[in-house]
Amino acid sequence: MEFGIFDHLDRCALPLCEFYEARLKLIEYYDTAGFYAYHLAEHHFTPLGMAPSPSLFLSAVAQRTRRLRFGPLVYALPLHHPLRLIEEICMLDQLSGGRLEIGFGRGSSPVEIAFYGQDPDKAPEIYAEALDLVLHGLKQKIIDFKGRFFTVDGVPLSLEPLQAPHPPIWYGVHSVESAERAARKAFHVVSLDTARESRLFFERYRETWRETGGLSVAMPKLGISRFLVIAENDEDALAAARRAYPVWHRSFYHLYHLRGMAPAHPRPADFDRLMEIGQGAAGSAETITEFVRAQLAQSGATYFIGQFAFGDLALAESLRSLELFAKHVMPRINSA
C-alpha cells in the first residue's frame, strides 16, 4: 500500500509569505517520510486555494524535494490554454527529474469558471477537448489540432516531458460513469466520497479495466482521500480537528455563500459529522490505523491519501500528525 497527500493549500491567519514557507517545510517532510505523491488542488479567488497557479507552486516543490512525486489534482482545464499547459507540464517534468503526476478536470466551482468569463455549462465540453489536445500535444514535435474550442495549426514544440509519452494521469471520480471513463483511458483515480460510494466507483473501474484488456499491465491506482488529525491520544486529536475543520469549511463555502449558491459536492459543517460518514478521522495512531484499515476494506481502494494540513492547524500540529502516521500507521497497514 502506498500513501499520498492531498492539499487545498487553504489560507490560515499566517502572512502569505510565512504560509507558503510553512507548507514547503511540511512538503519536505513528506519527501523524507516515504509518501508516494503530493496532490495539489487548483482554486481561484477564494481562501480555499492559495495555489491558483499550481505549476508555479509545484516548481518550488520540485526544488525542495528529491523523491516525492507531485502534481495538480487537478488542473481545471477550462481555465488554461492547452498549449501553455503543455509547455508547463514539460518544464515541471524536466525540473523534477521526471517526478510529475498530472491530473485534469472540468473545475469543481462554476463560480470560479464564470469569473474567467467562461460558461460553466460548457465546461465539460471544453474539458474533454482540451484534454485531447494536451495529451496529443505532449507526444508531438509539431502540434496540429482542430476542435470546436481550440484550433492549432503547425505549432512547433521545443519542449518535451522527461517521462514518455507523458507523466501519469489522474482523475477525480464522483460517479460510476466517471470511473468507467477513467478506466477506459487508464487514468489513476481519486474519490473524496464515502467508502460505500467509492466501492461502487472502483468496482465499475475494475470491470471496465478487465473488459478493455487492461490485465496485461498493472492496474492504475484507485485512491481515496480523507482528512486526518493524529495526536498522542484521541482527545487532543479531536480538539485540534474540531477547531481547524470549521475554518477549512468556511473557505470551502466562501464563494458559494458570496454568490448564494450550493456546491455540487457539499461537505458537513463540523468534524464530528465528517467522521460519522467516514470522510475524516481524528485520534491516536491506533485509532487512525483502524480507521484507515476499515476505509480501505470498505472502499476497495489501493491507494490512501491523507489531508493533514487544513484550516488553522499549525505547522507543529500537522507535523505531529505526519510523524505519528509515518512511524506507526503506515508500517502497521503494510504489515497486515
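Just after helix α1, G34 takes a positive phi of about 95°. Helices here are DSSP runs of H or I with at least four residues, strands are E runs with at least two, and both are numbered from the N terminus. What you're looking at is a predicted model, where local features need pLDDT of at least 70 and side-chain atom pairs count only at pLDDT 80 or more, while totals for chains, interfaces and linings use all residues. Residues are numbered from 1 along each chain as its sequence is written, and side-chain values use heavy atoms, with hydrogens and water left out.

Back up into α1 itself, residues 16-33.

Now hop along to α3, residues 82-95. The 14 residues of this helix should span 20 Å, and that agrees with the 20 Å between its end C-alpha atoms. P82, L85, I86 and C90 are among the buried residues of α3, and their cover includes α2 (54-64), β3 (69-72) and α5 (123-137). α3 is followed by G97, whose phi is positive, near 70°.

C90 counts as buried because its relative accessibility is 0%. And what about disulfides, meaning pairs of cysteine sulfur atoms within 2.5 Å? The count is zero. Take C12: its closest cysteine sulfur is in C17, 11 Å away, which is too far for a bond.

Further on, α6 (residues 176-184) and α7 (residues 195-211) pack at an angle of about 35°, with their axes 8 Å apart. Axes are lines fitted to C-alpha atoms, for helices over the stretch in contact, and angles run from 0 to 180 degrees between N-to-C directions. On the α6 side the contact includes V176, A179 and A183, and on the α7 side L200, F201 and W209.

Last stop: Q298, in helix α10 (residues 285-299). Q298 is partly exposed because its relative accessible area is 44%. Leaving aside neighbours within four places in sequence, Q298 touches A195 and R199.

Terms used
The expected span of a helix is 1.5 Å times one less than its number of residues. Buried means under 20% relative accessible area, exposed over 50%, partly exposed in between (1.4 Å probe, protein chains only). Contact means heavy atoms within 4.5 Å. A disulfide is a pair of cysteine sulfur atoms within 2.5 Å.
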